[in-house]
Amino acid sequence: MPFLLRKPGSALLASISLAAVLAACTPAATSPGAESNEPTLSQATTSESPSPMNEDSSSPPTNSDEAAVLEVNRERSRLLVEQRTDELDDLLSPDFVAVHITGYEQTKAEWLAQIRSGQMRYHDFQEVSATVTIDGDSAVAITRSLVDATIYGSRGAWPLESTTTYVHDGGTWKAQHSRARTY
């Protein structure tokens with residue numbers, strides 16, 4: 001049974017997969033210098049309130065693997081905001097691929113290089129909901145988050161849903177494939 005997190009008080013750092021972040025990151029989604037018509041975090045609407053970044057979830061999942069996958073999502077969000085790409089690199093499988101809302105597929109190396117160069121800058125994540133389903137040495141996380149980022153010089157906020165597949169690799173969960181869409 002999947003763990004479902006739908007708490008207005010859960011951590012803002014909370015789960016967002018890389019593909020959700022990347023959904024707003026492709027040139028086709030927002031080109032350099034283009035004006036963004038995307039909603040800001042204050043304009044975006046969801047069925048549940050986003051969570052402040054400094055609050056902790058009060059009820060952890062009962063399954064330790066589900067909790068570990070959810071923690072990887074939260075750690076990636078934190079590292080993105082802090083622009084710590086070397087540590088972020090360690091959280092992704094070597095063959096990680098993100099599929100953006102535009103359909104563009106981006107490799108791990110390309111995405112991390114764009115963060116390092118400043119083409120992509122992540123300011124904030126607000127988790128709205130997250131589910132995790134474990135099946136042996138693989139897991140699927142479905143997250144909904146509001147993402148505030150500057151992509152190719154244009155800042156915007158996007159309500160993104162991401163489906164991320166994880167593999168259990170060397171005792172840790174690593175993201176292997178992620179697909180994003182707006183909601």
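Tyr122 is buried, at a relative accessible area of 0%. Buried here means under 20% relative accessible area, with exposed over 50% and partly exposed in between (1.4 Å probe, protein chains only). The model is predicted: local features need pLDDT of at least 70, side-chain atom pairs count only at pLDDT 80 or more, and totals for chains, interfaces and linings use all residues. Residues are numbered from 1 along each chain as its sequence is written, and side-chain values use heavy atoms, leaving out hydrogens and water.

The structure holds 2 aromatic pairs. Rings of Phe, Tyr and Trp (its six-membered ring) pair if their centres lie within 6.5 Å; planes under 30 degrees apart are stacked, over 60 edge-to-face, and the rest tilted. The rings of Trp111 and Tyr122 have centres 6.5 Å apart and planes at 55°, so this pair is tilted. It links distant parts of the chain, with Trp111 in helix 4 (residues 108-117) and Tyr122 in strand 4 (residues 120-135), 11 residues apart. Helices (H or I, at least four residues) and strands (E, at least two) are DSSP runs, numbered from the N terminus. Trp111 is also buried, at 0%. The rings of Tyr122 and Phe125 have centres 6.2 Å apart and planes at 20°, so they are stacked. Phe125 is buried at 1% relative accessibility.

The largest nonpolar core has 30 residues. Such a core is a set of buried Ala, Val, Leu, Ile, Met, Phe, Trp, Tyr and Cys residues joined through side-chain atoms within 4.5 Å. Trp111, Ile115, Tyr122 and Tyr166 have the most contacts inside it. Helix 2 gives the most to this core, with 6 residues.
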